[in-house]
Amino acid sequence: MVSLARKLIATRNPIPTPRTYEVGNLEPLQPLVPFSRFQETKLLESHLVSLLDNCSCLIQIKQVHAHVIRKGIDQCCYVLAKLLRMLTKINVPMDPYPRLVFHQVEYRNPFLWTALIRGYSIQGPLKEAVRLYNAMRRESISPVSFTLTALLKGCSDELELHLGRQIHCHGIKLGGFCKDLFVHNILIDMYVKCGWLGCGRKVFDEMFDRDVISWTSLIVAYSKSGDMVAAAELFERFPEKDLVAWTAMVSGFAQNAKPREALEFFYRMQSAGVETDELTLVAVISVCAQLGAAKYANWVRDLAEGYGFGPANHVMVGSALIDMYSKCGIVEEAYKVFEKMKEKNVFSYSSMIVGFAMHGCANDALHLFEEMVKTEVKPNKVTFVGVLMSCTHAGLVERGRHLFDIMEKHYGIEPSVEHYACMIDLLGRAGQLEEALELIKAMPMEPNSGVWGALLGACRIHGNPDIAEVAASRLFELEPDSIGNYVLLANTYASAGRWEDVLGVRKLIKQKLLRKDPSRSWIEGKEGVIHEFYAGDMTQPNSKEIKEALEDLICQLKSHGYEPNLSSVPYDLSEEHKRRILLRHSEKLALAYALLIADTGSTIRIMKNLRICEDCHSFMCGASQITGREIIVRDNKRFHHFRDGVCSCGNFW
């Protein structure tokens, strides 16, 4: 009776009695605790966990920890695991404080181990998380799914494929994780990020259950890899297509330069009754920017307004619309959107500055930059790419030098390889090739293909085969299969009359089995229909009418002094053969067709996948004067606005 009374008295002590074990019994013998007392302890633990959940700084967490110790529950793994997770959340280093909390617990359960392992997986070093996991296993404590996901997440973040595969194998060996959805989802993520998309797909195919994350993560991975066929195949099998999955497909096609397919999926998304959010709209806007068609531009803007995402109040949509209108050749409309935006951030300013730059409006771009730096919005790297590009397209060498110099001094922006590429382009187009080459040699980082490509392009413009050979040799190392570099070198040799070297480059192209992208131009017809034209292609149903319209236009141009620029054909051919080639350039065919179908006096917009040649440039100047129309041509570098026989670029491109 006495011993029983002592036991009952002992239960009133707030400090829990240590657990004891009987030989052969796996379950600990619990002290006799009245149910109300047990319930009170559990309520206290839940309250402390709730308090920890609301902590936002280290002082608050330590205050709760002190309360935990005072209440005598400093051995409670449930509460302390939450404490470790909150310390991780506010980026408190795992050593010493969280580590000490962990080691003061005598009987640690898998969740407490996992909390510390997770902390090291997030903060590093990852090898310490692995060491802790091994120590946990040596104590014969089995992991839970959160243990493996914590380790795999660390492998995913640090691209530790080899370690991730070991943990994957260990999970299979332990058993019990073959049906765990969270483990499999993080495995897919780990394999995808490490570049092993095939293994990620195999994990997906072997899963018993899949959720939205399983499907969409793999769809996004295929999209990023450029395999839209596999992405579409997986998407069609997805039983519960949600907004995220639809957006992944629209964005995937947009990012892989497949605007028509992206619009097709967006139309399907609307037909399925799926609500459109801001991110989806931005993806669709980027698609319309790729098409460069005014009809689609106005349609998507009306759509944004209809969904309640008008550019005036939504800075992300507004910035995307600025970029879209600029790329559709309607820079005036882009600026109207910019002016109406109630909130402007660095992306809004940068999009407008880049828009002005690509249209050759250097003064407007630089003026807007000066306005921007007077506000609270600070320029970023993209902003300076825009202002340097505007200097490049207008030949403002001294202004470009000044802006490049003050980037880091005044704004703390260290010039990146993109900014150096802009400077090389600026100097090169201005004919200062030697200075451009010296700047490349002085770069603090390794020059990339953009830098050497800018120099090679400048050599083509100014006919300098010697420096062109230097640039081309580096480009052949960086991009051995990029045919554009070989073509530029061959054209540079051709402009210098070095036909044997031209033949040598073309022989190299044949040996490498490289194929040039065909020159292609397109215009927007009635009802928004896109009409495409390829250089030399006269097989279209209305080719006869196009040829007649083009010949009539050439006759009018010749009467005003136009003569074909035969040097635009980099081949050792007869003059007559060169004339026939120039006559069938894709932008000329597009212009002739536009004159047949466009309303009288309307602006003609032509999009082109390659740089406009010298002959087509002078041709468009003359055509704008004879027809009395504004002709806007977007090539792969910039926009050219032809009005009354003059181009906005001032013949500097």
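The numbered points below go through some features of this structure, which is a predicted model.

1. As background, nonpolar side chains in soluble globular proteins tend to be buried together.

2. When neighbours within four places in sequence are left aside, methionine 249 is in contact with Ile219, Met228, Ala231, Ala232, Phe235 and Phe265. Helix α13, which spans residues 228-237, has Met228, Ala230, Ala231, Ala232, Leu234 and Phe235 as its buried residues. What covers these buried residues of α13 includes α11 (197-205), α12 (212-225), α14 (243-255) and α15 (259-271).

3. In the model, the span 242-276 is 74% helix and 0% strand, with its end C-alpha atoms 11 Å apart. For residues 314-344 the chain is likewise described as 74% helix and 0% strand, and here the end C-alpha atoms lie 9 Å apart.

4. How do helices α16 and α18 pack, and at what angle? Helix α16 (residues 278-291) and helix α18 (residues 315-327) meet at an angle of about 10 degrees, and their axes are 8 Å apart. Angles under 35 degrees count as roughly parallel, and therefore α16 and α18 are described as roughly parallel to each other. On the α16 side the residues involved are Glu278, Leu279, Val282, Ile285, Cys288 and Ala289, which meet Met316, Val317, Ala320, Leu321, Asp323, Met324 and Lys327 of α18.

5. An open sheet of six strands has the order β2-β1-β3-β4-β5-β6, and its pairing is mixed. Strands β2 (530-534) and β6 (646-647) stand at the edges with a single partner strand each, so one side of each is left without a neighbour in the sheet. Strand β3 (residues 604-608) pairs with strand β4 (residues 631-634) in the parallel sense over four bridges, and isoleucine 606 stands opposite valine 633 in β4.

6. Tyrosine 78 belongs to helix α4 (residues 77-89). Is tyrosine 78 buried, partly exposed or exposed? Tyrosine 78 counts as partly exposed because its relative accessibility is 45%, a value that falls between the limits of 20% for buried and 50% for exposed. Not counting residues up to four places away in sequence, tyrosine 78 touches Glu45, Ser46 and Val49. The C-alpha atoms of tyrosine 78 and aspartate 635, which are 557 residues apart along the chain, are separated by 63 Å.

7. Aspartate 95 and proline 96 are joined by a cis peptide bond with omega of about 20 degrees, and proline 96 has its place in the loop between α4 and α5 (97-103). Glycine 124 and proline 125 are also joined by a cis peptide bond, with omega of about -5 degrees, and proline 125 is found in the loop between α6 (110-123) and α7 (126-138).

8. Positive phi values in residues other than glycine are the last topic. For alanine 257 phi is near 55 degrees; alanine 257 lies in the loop between α14 and α15 and counts as exposed at 58% relative accessibility. For aspartate 644 phi is near 50 degrees; aspartate 644 is placed in the loop between β5 (639-643) and β6 and is exposed, with a relative accessible area of 62%.

Definitions and conventions: Residues are numbered from 1 along each chain as its sequence is written. This is a predicted model: local features need pLDDT of at least 70, side-chain atom pairs count only at pLDDT 80 or more; totals for chains, interfaces and linings use all residues. Side-chain values use heavy atoms; hydrogens and water are left out. Buried means under 20% relative accessible area, exposed over 50%, partly exposed in between (1.4 Å probe, protein chains only). Helices (H or I, at least four residues) and strands (E, at least two) are DSSP runs, numbered from the N terminus. Contact means heavy atoms within 4.5 Å. Two strands pair if DSSP finds at least two bridges between them. Axes are lines fitted to C-alpha atoms, for helices over the stretch in contact, and angles run from 0 to 180 degrees between N-to-C directions. Angles under 35 degrees count as roughly parallel, over 145 as roughly antiparallel, 65 to 115 as roughly perpendicular and the rest as oblique.
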